[in-house]
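Please read the points below with the structure open beside you, and go through them in order. Each point takes up one region or one relation between chains.

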Protein chains: 4
Amino acid sequence: MTRPGLILKLQCPDQPGIVSKISGYVAGYAGNLIEFAQFTDKLSGRFFARLEIETGGLEVEVEDFIEGFGTLGRALRAEWHFRRLPYRMRTAVLVTRTDHCLHEVLWRTKLGELPVEITSVIGNREDCRSVSEQAGIRFHSVEMDGAAREAGFETIRGILHDEKVELVVLARFMQILPDAFCREFEGRVINIHHSFLPAFIGANPYKQAYERGVKLIGATCHYVTADLDAGPIIEQQVERVQHFHTPQDLVRLGRDCERAALARGIRYHVHDRTIIDGHRAIVFPD
Amino acid sequence: MTRPGLILKLQCPDQPGIVSKISGYVAGYAGNLIEFAQFTDKLSGRFFARLEIETGGLEVEVEDFIEGFGTLGRALRAEWHFRRLPYRMRTAVLVTRTDHCLHEVLWRTKLGELPVEITSVIGNREDCRSVSEQAGIRFHSVEMDGAAREAGFETIRGILHDEKVELVVLARFMQILPDAFCREFEGRVINIHHSFLPAFIGANPYKQAYERGVKLIGATCHYVTADLDAGPIIEQQVERVQHFHTPQDLVRLGRDCERAALARGIRYHVHDRTIIDGHRAIVFPD
Amino acid sequence: MTRPGLILKLQCPDQPGIVSKISGYVAGYAGNLIEFAQFTDKLSGRFFARLEIETGGLEVEVEDFIEGFGTLGRALRAEWHFRRLPYRMRTAVLVTRTDHCLHEVLWRTKLGELPVEITSVIGNREDCRSVSEQAGIRFHSVEMDGAAREAGFETIRGILHDEKVELVVLARFMQILPDAFCREFEGRVINIHHSFLPAFIGANPYKQAYERGVKLIGATCHYVTADLDAGPIIEQQVERVQHFHTPQDLVRLGRDCERAALARGIRYHVHDRTIIDGHRAIVFPD
Amino acid sequence: MTRPGLILKLQCPDQPGIVSKISGYVAGYAGNLIEFAQFTDKLSGRFFARLEIETGGLEVEVEDFIEGFGTLGRALRAEWHFRRLPYRMRTAVLVTRTDHCLHEVLWRTKLGELPVEITSVIGNREDCRSVSEQAGIRFHSVEMDGAAREAGFETIRGILHDEKVELVVLARFMQILPDAFCREFEGRVINIHHSFLPAFIGANPYKQAYERGVKLIGATCHYVTADLDAGPIIEQQVERVQHFHTPQDLVRLGRDCERAALARGIRYHVHDRTIIDGHRAIVFPD
C-alpha cells in the first residue's frame, strides 16, 4: 500500500459476530478496508485476522482510531497490533561466511521488494564485509569463537539496541543463539535453515540428505525460539535432486531454496502477514 | 461443512463498508460466519466474496434469512447466490474414448472428496461404458459422428434436462460444443484441456508440445465458453519433461496433470469456491 | 520396449574402460543398444549401469548371450541381472483399510502403465475386498490382530511363495514387517510412507505435520528394510499446504502425493530403473 | 571437472555399435570416461551424446587424441565438438533497463557456479552501468533508439568480435535481433523470455497472463533464432499465482522464474550440456 494506511493484526478466542464487529469499527469511522484476511482455527477455537485499511478518508485522527479500537479489542480478549503505513522495518542481518542469503536480502531491498531499512550487517567472520560495504551498509565484526561467544552476543545485543533494530535476520549465521537472547527478541528473529525441516535438524543437513538419498532437498524459513530448529515455520521451498548429485551439488541447489524461502519469509513478516500461534505460524501470503 | 449451513457467493462494485454491511447482516440474525473470503479487484473496482455460514443458531428461518438479504444485495448492486448445505451437485460426465479423467471423478466422488451426485455418463463412443456401469452409473451412448452431430447434442441437452443436471464435466470429451449449448449452460460446463493454456490451443497438444521441445507440460481446467479453449481458467497443473520423452510419454505424464487439475477444478466449483469475472475466474482454494 | 529385448542392470567397482567393455560385448554380438544409462559414484568409486538391448538382430541365442556375459561380469567383479522383455512382474499388493493406493495401482496396471501381473491383494481388513474383486483380482483376508500377527505373516509368506510373487507392494499396509520377512524379500518390497521422509517417521505423520506447521507435505516411496522407514528412497512427492488446512485436509492432499509417488516408484522398479546401493537407491527415471 | 579433461559433444545418425565405438576410442588411449550421457531419438533416428573424459592418464597428446577422433567421427557422419577443461567461456551480457537477470549472472559467476569470463555488459540504456562497474565489469553504452538501431547492432557486433565473445546472454535486452545477427551467432545467443513459451509470445507477457487469468506464470530460457521467441528451449520455470495477484505482482514473482531459468540455461550451455536439434534442445542436466 503506498497511500497512508494501517495494518491491524489480531488474534482472540473465536465468537460469533467477530468479523462484523471489527469491520463495523472500521466502517464506523469511514476507514476503507482494502483487505481483510481471517482464519478461524476450528481445532483450537481461535480467530486470527489481518486488516489493511486506507486511512485517507478516516473521520477521526489515526491515533484516535487506533486508541479507540482498544475498547473492542479488550472486549474480544484479543491481542492486536497496529502498524502505520508506509513503513520500513529496521532490520539487522547476521552472517558468518556464506553470503548468498545476504546478497539476496540486499538485492531485494534495493529493488523495493522488501520494505526494510537495513541498519547493519553483523558478522563473526570477515567474509561478508565487502558485500555489505559495497551496498553502503555498515558491517560490524564481532568475535564469537570459543570463550568470546558470550561477550560476542552481548556486543550484538548492544548493537541491536543502539540501532533500534526491530527484526533480526539470521542469513546463514552459524551460531546457536543463547536462550535469553531468543526470549528477548521472541517473534523478531527469522532464521533460514538449510533443510526441509523437521528433516535433518542440526549440522550439515546437505550431507545428511545425501546419505539418506532423498529425492527432494529443501530450505525452511522460521522464527527462532529457544528450541533449536523448532520455531514456527513461515515458508519452505524444495528442489528435486537425483542420485548423481554430490553433497556439493546439494549445497549449490540448496542455495536457491534458501534464498527463495528466506526472501519470502522476510517479506511476509515485514508486511505483517504472519501471526505466531504457539508452534505454528499463520501466514496470509501475497 | 457437515452441519446445516449456507454458502453465499457475491460480486458487486466495490464501496467502503461492504464487509461490515455483509457481515453485519449475518451477525444481525446470529448466523455464525465460518469463513469469509473476499477479494477487491483494485483494477476493475469490483468486490468478490464467498461466505460460509453455520445456520444452526439463526434467529430466523433460513428461507427468510436468504430472502431478507435481497434488500442489501440490491442496495449493493450485487449479483449473489445462496447454496444450502449439505449439498450434492447433480453432475453429468461427458466422455469419448479415454477414461482416466472419468475414473478420477468416480473415484473421488466415491471417496467423498467431491460432493456431487453423478446422474449419468454420456459418451459418443462405447469405451467408457464398463467403467461407468461398474461404478453403478448409467451410461448413455450418443451417436455424434458426421451428420449425427447436431442431433447428438440435442439428445445430450434432453438428457441434461431430464436428469436435472447442474454441472457438466467434459472429461476428455472430444467434440466442440455448439455455441448455443455453451450459452445455455454458461458457467456450468467444466472442461479439462490437455495443455498448459494458452499454449497449444486446439488439437493434439502433446504432439505440439513435443515438437516445440518444452521442458514442462501441463493441463488446464476451465469453464467452457463459445470461444474455444479461452474460457475462465480454474486450475492448472504442470509436470517437468525432458528431451527423451516421446509424444507417448507426454500423453502418459500429462494424464496425471489432467486428473489432478480436473479434480481440483470440480472441487472448487461444487464448493462454490469460484466466481466468474469475465475472462477470469476468482478461485478461493481450500 | 515392445520388441524382444533385454535389460541389464549392473554394479561394480569403477575402473577405466568399463563402458567400452560392456558396450563392446553387446556390439560384438550385434545387440542393438537402445539405452545405456550409467552413473559413476565418485565418492564411493562404484559404477552403476542399466542397458536396454534389442535382441532381434543378435547373432547368438539370447541365452548364450546372457551366459557369455558372465566372463566379463566376473572380471569386473560386478553384480548384474538380466531381464528378458517383454516382462510382466508378478506382484502382490498388501493393504489394510484405505484403498486409494490400491486403486491407483490397479488403474495404472489396467491402462498398461505398469507392466505387472497382480497375483492377488492381501488384506488384514475386509475394506479392500470389493475394489479388488471388481478388478478381477483375488483378495486374501489374513487375520493379523494381536496374537494372530505372527501366524498372519506366515500365511502371507505362504501366499507369496504359492503365487510366485516377485514384488510386494505395501499400499498403506498398516503393519510393521518382521525382520526375517524384510530380509527374505530384501529389495522386493516397496512401501509408500505418508510423509516426506525422514521427517515424521512412524505413526500419524499428517497429524505430526499439522502440529509442526509445515508448509509442504509429502509422501515417500521406498524399499523396505528391517530399519523402519529408513530403506532406500525411490521417489518423493510434495504438495504445498497452508495454515488453514486441518489434519483431515492434509490426509486428503497427501493421498495425491502417495498415489503419485507409489505409482512412480513401482514403475521404476518393474522397469529395472532402480539399483540399490546401501541406504540409497540409484534411479534412472523415464 | 577440475582436473584436466575434455568434453565431447556429438550427434549423428543412429546405428548399432555407436556407444561401443566411441567408448572404445576413449578406452583405446586410456582416457577415463567420467560421464557418458546419450540419447537416441527413436523418432528421428539420430544419436546424441556428451562425454566427459579425464585426460590425465591419456597415452597420447590431447591434441592427437582430438585429431584422431576425426576418422571415427567422419565414419559416423557425425557433427562433434571437443572442449578442453578447465574452461571459462567468454560471455557478453546484453541488457536494457531491469537488472535482476544481470545481477544473477554476475553473482553466480563470482560464486563459481558459472564457468564464464564476462567480457563486458552492453546496454542500450544506462540503468545497468553501476551494477556492472561495481562488479568490475566494463559497461558499453550503445544507442539503439529509432534510426540508431542498425548502427547500434553494428557496434555490438564490433564489440563481440573485439572481445572474442563466445556466448551472448540477453538478460532482458528489449530489442529484437536482426536476422543476420541471429544467423551469425547461431547457437551462441541465449535469451530469457518472461513467459512460459509458447504462451504469451511477444510484448508484455505478464499483462497478457493477467488478462488470461492463468494460475501459473513462467519464464523460458532459449536459444535465439531469427524466428522470434521460437528458438530451442533450454529451461523453463513456473510459479503458482492467484486471482489477487496484479500484473505488478506477476512481474515480481516472474523475476524469480526468470533468474532461475536463465541461470540454469547458461549453466547447461557453458558446461556443454545442450545439443541443438532443429527446433528442440537436448539437455543433459546436472
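1. Two strands are said to pair if DSSP finds at least two bridges between them. With that in mind, and remembering that this is a predicted model, look at chain A, where strand S5 (residues 89-95) and S6(A) run parallel and are joined by seven bridges. One of the pairings to look for is that of Ala92(A), whose bridge partner in S6(A) is Ser120(A). Between these strands the chain passes through helix H3 (residues 100-111) of chain A, and the β-α-β crossover from S5(A) to S6(A) is right-handed.

2. Strand S6 of chain A, which spans residues 116-123, also pairs with strand S7 (residues 139-141) of chain A, again in the parallel sense, over three bridges. Here Val121(A) stands opposite Phe139(A) of S7(A). Helix H4 (residues 129-134) of chain A belongs to this part of the chain, and together with S6(A) and S7(A) this helix makes a right-handed β-α-β unit. Is S6(A) mostly covered or mostly open? S6(A) is mostly covered, with seven of its eight residues buried.

3. Which residues touch the most other members of the largest nonpolar core? In this core of 320 residues they are Ala171(A), Ala171(B), Ala171(C) and Ala171(D). Taking the copy in chain D, and leaving aside neighbours within four places in sequence, Ala171(D) is in contact with Val93(D), Leu94(D), Val95(D), Cys101(D), Leu102(D), Val105(D), Ile192(D) and Leu262(D).

4. In helix H1 (residues 18-28) of chain B, the buried residues are Ile18(B), Val19(B), Ser20(B), Ile22(B), Ser23(B), Val26(B) and Ala27(B). Their cover includes parts of two chains, namely helix H1 (18-28) and strand S2 (32-41) of chain A, and strand S2 (32-41) and strand S3 (46-54) of chain B. After H1(B) comes Ala30(B), whose phi is positive, near 65°.

5. Turning to the contact between chains A and C, 24 residues of chain A are in contact with 24 residues of chain C. On the side of chain A that touches chain C, helix H7 (205-212), strand S11 (233-240) and strand S13 (280-283) of chain A each supply at least two residues. That side has 14 nonpolar, five polar and five charged residues.

6. How are chains A and C related? Chain A can be laid on chain C with an RMSD of 0.0 Å by a turn of 180° and a shift of 0.0 Å along the axis, and the two copies are thus related as by a two-fold rotation axis. Of the residues of chain A, Ala199(A) comes closest to this axis, with its C-alpha at 2.2 Å. The copies meet through the same surface, because 100% of the interface residues of chain A are also interface residues in chain C.

7. Chains B and C also touch, with eight residues of chain B in contact with eight residues of chain C. Helix H3 (100-111) and helix H8 (247-270) of chain B each supply at least two residues of the side of chain B that touches chain C, and by class this side has three nonpolar, two polar and three charged residues. A rotation of 180° with 0.0 Å of shift along its axis superposes chain B on chain C, with an RMSD of 0.0 Å. The C-alpha of chain B nearest the axis is that of Gln134(B), 3.9 Å from it.

8. Tyr210(A), which lies in helix H7 of chain A, counts as buried because it has 22 C-beta neighbours inside 10 Å, where 20 or more are needed. Although Tyr210(A) and Leu250(A) are 40 residues apart in sequence, their C-alpha atoms are 7.6 Å apart in space. Not counting residues up to four places away in sequence, Tyr210(A) touches Pro247(A) and Leu250(A).

9. Finally, some backbone details deserve a check. Most residues other than glycine have a negative phi, and most peptide bonds are trans. Leu85(C) and Pro86(C), however, are joined by a cis peptide bond with omega of about -5°, and Pro86(C) lies in the loop between strand S4 (79-85) and strand S5 (89-95) of chain C. Lys164(B), which is not a glycine, has a positive phi of about 50° and lies in the loop between helix H5 (149-162) and strand S8 (167-170) of chain B. Lys164(B) is exposed, with 9 other C-beta atoms within 10 Å.

Key:
Residues numbered from 1 in each chain as written. Chains lettered and ligands numbered in written order. Predicted model: local features only at pLDDT ≥ 70, side-chain atom pairs only at ≥ 80, totals over all residues. Buried ≥ 20, exposed ≤ 12 C-beta atoms within 10 Å, placed from the backbone. Helix = DSSP H or I, 4+ residues; strand = E, 2+ residues; numbered from the N terminus. Right-handed = clockwise from strand over helix to strand, strands pointing away. Core = buried A, V, L, I, M, F, W, Y, C linked by C-beta atoms within 7 Å. Contact = placed C-beta atoms within 7 Å. Nonpolar A, V, L, I, M, F, W, Y, C, P; charged D, E, K, R; others polar. Least-squares fit on C-alpha atoms with pLDDT ≥ 70 in both.
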